[in-house]
Amino acid sequence: MTANGWLQIAVFFVLVLLIAKPMGLYMAQVYERKKTWLDPVLGPVERLLYRLTGVDAAAEMRWTEYGLAMLVFSCATLLLTYAVERLQHWIPLWNPQHFAAVEPYLAWSTAGSFTTNTNWQAYVPETTMSYLTQAFGLATHNFWSAAVGMALAIAFIRGISRRESKTLGNFWVDLTRGTLWVLVPICVVYALALVSQGAIQNFKPYDTATLVEKQNVTTTGTDGKPVTTTVTTQTIGMGPTASQEAIKMLGTNGGGFFNANSAHPFENPTPLSNLLQMVSIFTIGGGLCLTLGKMTGSEKHGWAVFAAMSILWFCGVATCYWAESQPNPLLHGVDQHIVQTGTATQSGGNMEGKEVRFGLANSALFATVTTDASCGAVNSMHDSFMPLGGLVPLANIMAGEIIFGGVGAGMYGMLIFIVATVFIAGLMVGRTPEYLGKKVEAYDVQMAMLYLLIFPLIILGFAAASALLPAGLSSLSNHGPHGLSQILYAYTSAVGNNGSAFAGLNADTHWYLVTQGIAMLGGRFLMIVPMLAVAGNLATKKIAPPSLGTFPVTTPLFSVLLVGVIVIVGALTFFPALSLGPILEHLLLRGGASFA
Amino acid sequence: MSDLIFVAASVVFFAIAVWYVNGCQSLTKGGRHDA
C-alpha cells in the first residue's frame, strides 16, 4: 500500500461526497414534480409520451398496483429483448459482422440478466451480439432497469414520508421522469466525456490490423493431434461503446460492450475515465440518501444513512487494497525476476489479472465499488485476487447490495435493514419500534424478514446444488475452496443482481444459464414485492411526534447500529460458506497449497 | 420449440410474482389492508 494509492482512494470519496447532496436534492425535485431547469425541454416530451401511451399522470397507485405495473413492464421488456436477440440475424441493420441468432438458452439468460439490472454476461459480446442487439436490446434495458430501481426506491421513501395514504405514487410517471430527467441528460454529457478520453463510438465493421510480430498458436485438431497455425492479423472490435458505457456505470448495470469490460482500452481508456466510472457508480446511490433526507424532512437522517454506507465501503476497500498489496507466498523465491515488493518501477503485491495502467489501488477500489453497488463492471479479474481480496467483492454482494447499492435497489434494500434495525433497537429498550414517526409493527417486520431470507435462500440453494451435481462442477477452472468460491460468487452475483464474475467459471452451459436466469429473476422480483408491501403498509400509518422512547435515526449511534445489524445478518447467513471458500483458501495458501 | 418454452417460462414466472403480490397483501390485517 502506498500514500499515492490512499490519496487516489481519498480523491474518489471526496468526489462522491461532493456530488451526493446536489444529486439528491435534484432527484427529490424530479420525483416530487417540482420545477427543474430541464422542464422546458423535457416537459413536452413527457406529456407526449403520456398521451401516446394513455398514461394518466395524475392517477395514484396503491402498492399492489405499483408492483403489478412494474411486473408487467419488466415481463414485456424481457420478452422484447429475447426477441431481438433471437432475430438479430434477420435484421440487416447494424449487424456488419453478420452474427447469427443468439442461442435460446443464452438469449433467455441474457434477457433476464439485463431486465433485472444484473448484466451477467455468459457470452463474448464482440463475437455474439450485433450492434442493434447491444444498443436496442441491452443498452435500453440499462436505462429501464435503472429507472425501475429508482422508482421503487422513491415509492418506499413516499411510504415513509406520507401520512395515512393508501398510495405510493404512479409507477409510469416515476419511470418516465427518472429516465428523462436523471439518466438521459447525465449520460449524454458522460458519454461525450468518455469519448474525449478515447472511448470509441461508431457503427463501423471490425478493423483488421497486421501484427508486428507473427504468433504461432497451437490448438488441438479434430483428430486429437496438436495443430500449429501462424497468426499474422488481429481483429479489432468496433461499435457504439461510449454511449453504452455511460449508462452501464451510472445505472450500475455493468454489462460491458466488450468481454474485457472496463479493462478494455476502448471502454475505459485512461486513469481519468477510470475515476469517472467509479464515481458515477456511486452517484445515484449516494444521491438517493439525500433524496431520502429531503423527502422525509430529515436531511440528518439522509447523512446518517450515507455515513453507514461509507463505513462499510471503507472497510471493504481497506481490506481489499491490503490483501492485494501482499506478496503471493507461492511465488516467493521461485524466480529472482518476480518482484513482489513495491519499488519505483514495480507496484508490488498481486498484479495478476490487473491492468498495469490502473495498478493495485484503482483495481482494489474498482472491485470494491462495483460490488458495493451491484454494478458488476470490472477493470481487473476478481478470480485472480488473493483469497482475502476476492472475499471482499463476494462479501459486499452478500451484504445485500446496500452499500450505496444498485440505483434504487441499494436504497430500498438499506431501508429494509433500517426497519430491522429500529425493530431491534425497539426490543432493546422495550418500546414499540418507530421509524421517522411511523410505528414498525408485526407485518412490516414479517415482510422485511421475507425480503432478507429470500436472498440467501436462493444463493445457497443453487450453490449447494451446483457443488453436488456434475453439471455444476464441470464448469469449474479450479477445484478445492477456490472452486467453491467460483460457484458461490456466480449465484451471489446473480441473486444480488451484480453481474460481475469470478471469471474462472464457465457459465455458458445449460445448467448455469437456466439456474442463473431463475436466480436473477428471483433475486430481483421476489424481493421487490415484500419491500413494496412494507412501503405500502408504512404509508397508511400516522406520523407520531418523537417522544423520549423514540430511537433517533440521525445520530452516529444509529449509523453504527445499522452497520452492526448488516454485518451480523450477513455473517450469520454466509460465514459458513465463506469459511469453506476464500477463508480456507487463504489459510491453505499460507501453508503452500494451491488448487488446479 | 425452445423459444416457446422460454417465453412460456418467463410468463409463468411473472404470473407467480403476481400471485405473490396477492399473497403478501393477504397477510395484512385480514387481507383488507388497502381494500
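N261(A) is buried, because 28 other C-beta atoms lie within 10 Å. The word has a cut-off: a residue is buried if 20 or more other C-beta atoms lie within 10 Å of its own, exposed if 12 or fewer, and partly exposed in between, with C-beta atoms placed from the backbone. This is a predicted model, in which local features need pLDDT of at least 70 and side-chain atom pairs count only at pLDDT 80 or more, while totals for chains, interfaces and linings use all residues. Residues are numbered from 1 along each chain as its sequence is written, and chains are lettered from A and ligands numbered from 1 in the order in which they are written.

**Two loop residues with positive phi**

You can find N261(A) in the loop between α8 (241-250) and α9 of chain A. Helices here are DSSP runs (H or I, at least four residues), as are strands (E, at least two), and they are numbered from the N terminus. Phi of N261(A) is near 60 degrees, a positive value in a residue other than glycine. Most residues other than glycine have a negative phi. S374(A) is not a glycine either, and its phi is positive at about 50 degrees. S374(A) sits in the loop between α11 (359-372) and α12 (387-398) of chain A.

| Residue | Other C-beta atoms within 10 Å | Class |
|---|---|---|
| N261(A) | 28 atoms | buried |
| S374(A) | 36 atoms | buried |
| L557(A) | 13 atoms | partly exposed |

P546(A) belongs to the loop between α17 (510-539) and α18 (556-590) of chain A, and L557(A) belongs to helix α18.

**A pair of packed helices**

Two packed helices are described by the angle between their axes and the distance between the axes. In chain A, helix α9 (residues 271-295) packs against helix α10 (residues 299-325) at an angle of about 155 degrees, with the axes 6 Å apart. That makes the two roughly antiparallel, a label for angles over 145 degrees, whereas under 35 is roughly parallel, 65 to 115 roughly perpendicular and the rest oblique. These axes are lines fitted to C-alpha atoms over the stretch in contact, and angles run from 0 to 180 degrees between N-to-C directions. Among the residues making the contact are G286(A) and L290(A) of α9(A), and W303(A) and F306(A) of α10(A). Contact means that two C-beta atoms, placed from the backbone, lie within 7 Å.

**The nonpolar core**

The largest nonpolar core has 183 residues, and F156(A), I416(A) and Y491(A) are among those with the most contacts inside it. Such a core is a set of buried Ala, Val, Leu, Ile, Met, Phe, Trp, Tyr and Cys residues joined through C-beta atoms within 7 Å. Helix α17(A) gives the largest share of this core, 17 residues. Leaving aside neighbours within four places in sequence, Y491(A) is in contact with I459(A), F462(A), A463(A) and A519(A).

**The second chain**

Chain B has one helix and zero strands, and 26% of its 35 residues are buried. Its contact with chain A takes 18 residues from chain B and 25 residues from chain A.
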